[in-house]
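Dear colleague,

Please find below the structure that I am handing over to you. My findings follow directly after it.

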Amino acid sequence: MIEENEHNESQNQSQETITKVTGMYKDWFLDYASYVILERAVPSIEDGFKPVQRRIMQSMKDLDDGRYNKVANLVGHTMQYHPHGDASIADAMVQLGQKELLIDTQGNWGNILTGDRAAAPRYIEARLSKFASEVVFNPKTTEWQATYDGRRKEPIDLPVKFPLLLAQGAEGIAVGLSTKILPHNFNELIDASIKHLRGRNFTLIPDFQTGGIADITDYKDGVRGGKIRVRVKIAQLDKKTLVISELPFGITTSSLIESVLKANEKKKIKINKIEDNTAAEVEILIHLPNNVSPDKTIDALYAFTNCEVSISPLCCVIDNNTPVFIGVKEVLKRSTDHTVFLLKRELEIQLAELQEQWHFASLERIFIENRIYRDIEEEKTWKGVLKAIDKGLKPYTKHLKRAVTEEDIIRLTEIRIKKISKFDIDKANQSIESLEEKMTAVKNHLENLIDFAVEYFKNLKKKYGKDRKRKTEIRLFEDIEATKVVMRNAKLYVNREEGFVGTSLRKDEFVTDCADIDDIIVFRADGKMIITKVDAKTFVGKNIIHVAIFKKNDRRTVYNMIYRDGLRGASYMKRFYVTGVTRDKEYDLTNAANNSKVWYFTANPNGEAEIITVYLRAVGKIKKLKWDVDFSELAIKGRGVKGNRVTKNSIKKIDLKEEGISTLKPRKIWFDDAVMRLNVDERGELLGEFKPNDRLLIINQHGNLKTAIPDMTMHFDEELIVLEKWQPNKPITIIYYDGQRERYYLKRFLIENPDKLEVIISDHQKSQLEMVSVDYRPMFEIVFSKRNLNAIEVNAEEFIDIKGLSALGNLLTKEKIKQVNSLEPLVYEEPNLEELEVDEMLIEIETEEEIIKKDTSDNEVAEKEDPTIDNDGQTSLF
């Protein structure tokens, strides 16, 4: 029996067939992909909603009674249209609510700044905003379809009369594609729609709720391949503290702080601690150690943390049940045109309704005024009643706009006797005239549809755009080189004899601080040069004579070198710079002969050219064994030049005779106000030519003054009012309001301590800077707030002498000043330096003679007046 069962089982197994899933996979996957694209992830171009968002809005409209509804109740109602998960519906509703456009919220809806989640749906409430009620819904223009179970009707698209998709933005990941549409400013979208209606060109740029600063140079209309860079808004609170007040799009305070801490752990930046004081507004304080540059730290934060992020937009929308990729300008044009279409439909529906009202009102007036209702008194059948009314109306219906139908007559039979008895012909005529005026207005709107649409958008802006100013500042960003801003927290060491460099050679010679992304440049005694990346230990060749951090494209660092070409060749000298080379490749700085040797080598960061003394060996009949060589007489060229010959004889030694001074021309520096940075690329305003020790004068609107040696990594805030080359002997004139004394003062001063940050106005919170002038002899016009006071002109040079920076100044006025205007300054003649030097020498001679005469006369007076002094000039005991 058992054997028989086993035989049957094996026979059944042999009869089983293999089903191929290839076709199933192809069809089912396509169905799934289409469902995800059309029904979940990608918004519609018609109304800007994803399906779940559309169903949420319709549910809120169904339950809208002006009061708040629990989100849990709205979630449950939404599930009647489609069985989405309750969590996904709640999350979608929270995202809509956080955008603060369509939903009025109540309760803890989370925080887009900190990333805190919203409370549970049973604790938070929502209702439609007034904007949503006006713009999103109109049952008369909505197309409907059956829900998934056929029990209800849901909108195919909501009749949104506004570019909502661009205002809110959208993000979704589907099968095989994704979408990322960035949000734009409410008022700017309306302005762009109006420009499109009037046939003018327009530009759209993103605007984010979190604010920040954005560079939209590569936005490319939001299509595939575009990119924008977004940064935090960061400022220097004091020398040791930075404050972040706005965030990039998509970044929370938690993720930002985490990225800063990671960068600090990796030694990309150096901070003491970070504090998060964010509440309604972002406030993150970054405390810096001593001797750490705030400007370089800001650049390092942009380079190594989420203080700067890149966003790649991708505008994909559903159009006619098909995903399409278009630009945001095209989205706005389509949305605006669709708004015009909806407005036209609404006007046409309104006109039809008014015509119907006018038609029945006219029939009603005819029916009652001509007492046609009496013609039905003798009729006994319903048909007879209708025929009697129809017959009675015919003489009076020639002016009607359409024929009288049976439905019209039935409506007339439904008029109550009370209305007939109280019928007022004047009121009826007024009502009909009012309807005619409305119809005329609607027809006028239809004839001038574009003008009507423009007024519609203007009305939206007036009603809802007041508090929707742009939050994201648009600015061009400069490219930050990571090697220039990274914190050099590692130490570089060298073993010159053995030829090793690295960060792990702690027992050898210390070179400099470095970072793991730095390159180092190495020169050897055989005239070879190599550039390599910082590592723990790297062999670069024996007999190292110089090693340093390499700066790419650096033309200011000049190398002075004297070398022997070959074993017995002549000696040459040359000056050169190194801008860029191939990493880990050896370069020969000599004439490529074997056994070449470097006699003398210096690296000069500002192109210094020293004077040296060359000593020759006393061999043969050489007469001149010693002479001086000045490197400043040699032109600076590339590293590959052979150089000028120093001598063909054997050199004994070379000594430094005199330290060199820079032979480079003063560097021209420009300020580009588009990126608020210094540059040497001739972008922006020329500030002047700067020598190594020249400084910038920097004054901002808060009354902070400082001088600083120009550095391309310096940051300048938006309150900057003075930025120029500082001239120590040039006075600074200011007019300011003293908050404590409630008066206006004028003072002139010179900077006493250029290394110190100074506050040039009083420290009262109401004190404010009115005017700053850096002219030698400034003139001002003071305009008062009181109309009965005439404006006055003030010559600052006559008004007050130059005093100390901390001086209060002279009282200018007690009256409230409306405006201070800077007038054409008085002519100032530069003093002749040669005459000044002669005058100073004469003054010194005169001063010495006066001192001698004064000392002599003082002694004579003392001898006469003091009896205790004897003839020898010594003090007597009596």
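Aspartate 672 is buried in this predicted model, because its relative accessible area is 11%, and buried means under 20%. Its side chain meets that of arginine 683 in a salt bridge, at 2.9 Å from N to O. The pair links distant parts of the chain, eleven residues apart: aspartate 672 belongs to strand β34 (residues 667-672), and arginine 683 to the loop between β35 (677-679) and β36 (685-690). Arginine 683 counts as partly exposed, at 36% relative accessibility.

In total, the structure holds 43 salt bridges. Another of them is formed by arginine 231 and glutamate 308, whose closest N and O atoms are 2.7 Å apart. Arginine 231 is in strand β9 (residues 227-231) and glutamate 308 in strand β14 (residues 308-311), so this pair ties together parts 77 residues apart in sequence. Both arginine 231 and glutamate 308 are buried.

I turn next to the nonpolar residues. The largest nonpolar core has 117 residues, and Phe162 and Leu460 are among those with the most contacts inside it. Helix α11 (residues 328-369) gives the most to this core, with 15 residues. Beyond its neighbours within four places in sequence, phenylalanine 162 is in contact with several residues, including Phe131, Phe186, Ile190 and Leu460.

Finally, threonine 557 is found in the loop between β24 (544-549) and β25 (558-564). Threonine 557 is buried, with a relative accessible area of 16%, and a polar contact of 2.5 Å joins its side chain to that of aspartate 554.

Yours sincerely

Notes. Residues numbered from 1 in each chain as written. Predicted model: local features only at pLDDT ≥ 70, side-chain atom pairs only at ≥ 80, totals over all residues. Heavy atoms only, no water. Core = buried A, V, L, I, M, F, W, Y, C linked by side-chain atoms within 4.5 Å. Buried < 20%, exposed > 50% of the residue type's maximum accessible area, 1.4 Å probe, protein only. Helix = DSSP H or I, 4+ residues; strand = E, 2+ residues; numbered from the N terminus. Contact = heavy atoms within 4.5 Å. Polar contact = N/O pair within 3.5 Å; in protein donor to acceptor, adjacent residues only side chain to side chain. Salt bridge = Lys/Arg side-chain N within 4 Å of Asp/Glu carboxyl O.
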